[in-house]
Amino acid sequence: GTRVLEVDPADPEPEVVAQAAAILRAGDVVAFPTETVYGLGANALSSEAVARIFAAKGRPSDNPLIVHIADTAQLEGLVESVPPTAERLMERCWPGPLTLVMRKGPAVPPEVTAGLDTVGIRMPDHPVALALIRAAGVPIAAPSANASGRPSPTTAEHVLEDLAGSIPAVLDGGETGVGVESTVLDMTTDPPMILRPGGLPREELEAAIGPVVLAPGVEGGTVERPRSPGMKYRHYAPQAPLILVEGPVLEMQEKIRDLAMEYAEEGKRVGILCSAESRGVYVAPVILEYGARGDLAGIASDLFGTLRAFDRHQVDVILAEGVPEEGLGLAIMNRLRRAAGGRVIRL
Ligand code: TXA
Ligand code: MG
């Protein structure tokens, strides 16, 4: 079975963290909270340890992992060099939900980067994650701690839903805060390129270093050769097919009402994912709110948990309302589009 190690998220007990660190030092994997989502960690310097991550998640081996550090001194050996713009972002945004992709150094085994000559690195802004990295004494490679293709976990319960029995332990520090994964920024291109929008909005990056561009596909559509291997997989998906409707609020509501009626007539059990403001507009057996339309941080923090909740309600189809694509809205819409796997209606 999987051991659940309860830990105080604000002030982690050293003896609890030490138990998890011992598992990592022995070459095995542990799930742990970060400020974005739960990660499934292993010693980033060990090929054998990292292989266990891919095995536990059922993750394709061509999808690289993010390396987590607690101190910029740990960059030594992980990267070839730190470009000045990356240095500026580290000073301003670390610890925080920002992964920087740089040329990889000799200490990183090829399994971590899936053979790429670059590596993604971040310093998480969570006391448990930082304490665990320090206690392990090594950088920790960690993808999100979900089974491959499922919504990322924002609680230890989500981790257990997917991975109970396949990992030795999870550090349970309660709910994560941000709720969507880190922004992945490629620092090897000029201007830097957002490979995955996430918890640190584009606007904040641009305030720090000037213009950044979006990788093809980030705003929807499909691309033949994604810059970030992770972008090519259907992801964040609940069990039922999800149809995303994007556009002005009133038109979205009308479209979703029509679709809900059509599916109901076909005998399907309909689920609707919408803003708090829209709730009263719909009639359906399952209506779940992601929060107030104007509160994008609130929507981000509940998004994956709400997607998972549809599985418990056993719906046949999910109709989802889009949000404005500014600030955290870019990350939210990216996750919804990928959960939809191409079933997107733009009005
Ligand atoms: O917030 C997060 O980033 C969480 C927590 C646990 O830190 N981690 C996370 O990891 O979301 P994962 O493995 O689920 O997503 C990592 C993403 C993937 O899309 C992967 O393809 C991309 O980052 N990535 C990692 N290294 C890369 C590299 N060297 N070049 C391009 N993309 C990279
Ligand atoms: Mg993931």
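Predicted model: local features only at pLDDT ≥ 70, side-chain atom pairs only at ≥ 80, totals over all residues.
**View 1. Arg122 and Ser182 belong to a group of annotated positions.**
An unreviewed UniProt entry gives the annotation "binding site" to Thr36, His68, Arg122 and Ser182. Although these four positions span 147 residues in sequence, no two of their C-alpha atoms are more than 12.7 Å apart, so they gather at one spot. Arg122 has a relative accessible area of 2% and is therefore buried, since buried means under 20%. The side chain of Arg122 is joined to that of Thr36 by a polar contact of 3.2 Å. Ser182, found in the loop between β8 and β9, is likewise counted as buried, at 2% relative accessibility. A polar contact of 2.8 Å links the side chain of Ser182 with the side chain of Thr99. Beyond its neighbours within four places in sequence, Ser182 is in contact with a list of residues that includes Thr36, Arg122, Arg196 and Arg335.

Arg59 lies in the loop that runs between α2 (47-57) and β4 (66-68), and with 14% relative accessibility Arg59 counts as buried. When neighbours within four places in sequence are left aside, Arg59 is in contact with Phe54, Pro64, Leu65, Pro143 and Ser148. Ser152 is found in the loop between β7 (140-142) and α6 (156-163), and Ser152 is buried with a relative accessible area of 0%. Among the residues in contact with Ser152, apart from neighbours within four places in sequence, are Ser144, Tyr236 and Arg308.

**View 2. An open sheet of 11 strands has mixed pairing.**
The order of the strands is β1-β8-β2-β3-β7-β4-β6-β5-β9-β10-β11. At the edges stand β1 (3-6) and β11 (213-214), each of which has a single partner strand, so one side of each is left without a neighbour in the sheet. Helix α5, residues 127-136, packs on this sheet and touches β2 (30-33), β4, β7 and β8 (169-172), while its direction makes about 140° with that of β2. Strands β9 (residues 183-186) and β10 (residues 193-196) pair in the antiparallel sense over three bridges, and Val184 stands opposite Arg196 in β10.

**View 3. Five strands form an open sheet with parallel pairing.**
Here the strands follow the order β14-β13-β15-β12-β16. The edges are taken by β14 (286-291) and β16 (344-346), and because each has a single partner strand, one side of each is left without a neighbour in the sheet. Neighbouring strands are turned by 20° against each other on average, direction ignored. Between β13 (residues 270-275) and β15 (residues 317-321) there are four bridges in the parallel sense, with Ile272 standing opposite Leu319 in β15. Helix α9 (residues 296-312) packs on the sheet, where it touches β12 (242-246), β13, β14 and β15, and its direction makes about 160° with that of β14. Helix α10 (residues 329-340) also packs on the sheet, touching β12, β13, β15 and β16, and the direction of α10 makes about 135° with that of β12.

Terms used: Residues numbered from 1 in each chain as written. Chains lettered and ligands numbered in written order. Heavy atoms only, no water. Helix = DSSP H or I, 4+ residues; strand = E, 2+ residues; numbered from the N terminus. Buried < 20%, exposed > 50% of the residue type's maximum accessible area, 1.4 Å probe, protein only. Contact = heavy atoms within 4.5 Å. Pairing = 2+ DSSP bridges. Axes fitted to C-alpha atoms, helices over the stretch in contact; angles between N-to-C directions. UniProt positions renumbered as here; feature names shortened; annotations may be inferred. Polar contact = N/O pair within 3.5 Å; in protein donor to acceptor, adjacent residues only side chain to side chain.
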